[in-house]
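Keep the structure in view as you read.

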Amino acid sequence: MERVRARDVAAFEALYGGYHRLVFGIGLRMLGDPTLAEDLTQNVFMKVWTAPDAFRGGSFVAWVSRVARNRALDTLRAKAVRPEAEIPVDLPLEGALDDDVFARLDAQRVRDALAKLPPEQRALIEMGFFGGVTHQELAKRTDTPLGTVKTRIRSGLRRMREALGERVSR
């Protein structure tokens with residue numbers, strides 16, 4: 001790690017070569033998805049390269065395993081908060097035109113309600129709901145405490161709910 005701290009690419013490659021399978025295996029076992037495990041492996045080794053001082057001595061294997069485990073838990077938490085919706089193959093098409101018209105009307109009402117929010121609430125809701133950014137990522141990107149991010153989003157959603165009332169279909 002001393003050589004990695006000194007930005008020695010060969011040393012980093014040696015670490016990667018020696019431990020990427022371990023990190024990938026932890027990710028695959030915890031996440032059950034090879035693609036997510038690859039992303040996790042990349043994130044862990046990005047941390048090793050960009051923040052080598054995070055390793056403060058001791059067993060590198062234990063440290064990198066703990067980092068991999070924590071990143072996998074973060075991924076699982078993010079998936080639990082924002083589950084991926086699947087569109088059913090047998091989605092009925094009857095009434096689809098009416099639904100489409102109402103959806104467009106509702107979308108305009110939502111856009112209008114969103115536009116009336118204070119900028120600090122609107123920006124967080126747009127990034128979180130339309131950009132797919134997690135609350136933790138929002139806190140990092142805006143340099144705002146996580147609790148403040150959650151409060152602003154909750155307050156913004158409450159204002160939108162009051163503004164929309166029962167006018168939104170379904």
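## Helix 7 against helix 8

From helix 7, the residues His 135, Gln 136, Leu 138, Ala 139 and Thr 142 meet Leu 146, Val 149, Lys 150 and Ile 153 of helix 8. Contact means heavy atoms within 4.5 Å. The residues of this contact divide into five nonpolar, three polar and one charged. Ala, Val, Leu, Ile, Met, Phe, Trp, Tyr, Cys and Pro count as nonpolar; Asp, Glu, Lys and Arg are charged; the others, Gly among them, are polar.

The model is predicted: local features need pLDDT of at least 70, and side-chain atom pairs count only at pLDDT 80 or more, while totals for chains, interfaces and linings use all residues. Residues are numbered from 1 along each chain as its sequence is written, and side-chain values use heavy atoms, with hydrogens and water left out.

Helices here are DSSP runs (H or I, at least four residues), numbered from the N terminus. Helix 7 covers residues 135–142 and helix 8 covers residues 146–164. Their axes come within 9 Å and cross at roughly 110 degrees. Axes are lines fitted to C-alpha atoms over the stretch in contact, and angles run from 0 to 180 degrees between N-to-C directions. Helix 7 and helix 8 are therefore roughly perpendicular (65 to 115 degrees). The crossing of helix 7 and helix 8 is right-handed, meaning that the near helix is turned clockwise from the far one by less than a right angle.

## Helix 6 against helix 8

Helix 8 also packs with helix 6, residues 119–130. The angle is about 95 degrees, and the axes are 9 Å apart. Helix 6 and helix 8 are therefore roughly perpendicular too. On the helix 6 side are Glu 120, Gln 121, Leu 124, Ile 125 and Phe 129. Their partners in helix 8 include Val 149, Ile 153 and Met 160. By class, this contact has seven nonpolar, three polar and three charged residues.

Is Gln 121 buried or exposed? Gln 121 is buried, with a relative accessible area of 8%. Buried means under 20%, exposed over 50%, and partly exposed in between (1.4 Å probe, protein chains only). Leaving out residues up to four places away in sequence, Gln 121 touches Arg 152, Ser 155, Gly 156 and Arg 159. Arg 122, also in helix 6, is partly exposed at 24%. Arg 122 and Gly 156 are 34 residues apart in sequence, and their C-alpha atoms are 7.0 Å apart in space.

## Helix 2 against helix 3

Helix 2 and helix 3 pack at about 145 degrees, with axes 8 Å apart. Their crossing is right-handed. Among the contact residues are Tyr 16, His 20 and Val 23 of helix 2, and Leu 40, Thr 41 and Val 44 of helix 3. The contact divides into 17 nonpolar, three polar and one charged.

Thr 41 sits in helix 3. Thr 41 counts as buried, at 5% relative accessibility. Neighbours within four places aside, Thr 41 is in contact with Tyr 16, His 20, Val 23 and Phe 24.

## The nonpolar cores

A nonpolar core is a set of buried Ala, Val, Leu, Ile, Met, Phe, Trp, Tyr and Cys residues joined through side-chain atoms within 4.5 Å. Which residues touch the most other members of the largest core? They are Val 23, Leu 40, Val 44, Val 48 and Trp 63, out of 18 residues. Helix 2 (9–31), helix 3 (34–50) and helix 4 (60–81) each give two or more residues to this core. Apart from it lies another core, of twelve residues, including Ala 139, Val 149, Ile 153 and Met 160.

Technical notes
Parallel < 35°, antiparallel > 145°, perpendicular 65-115°, else oblique.
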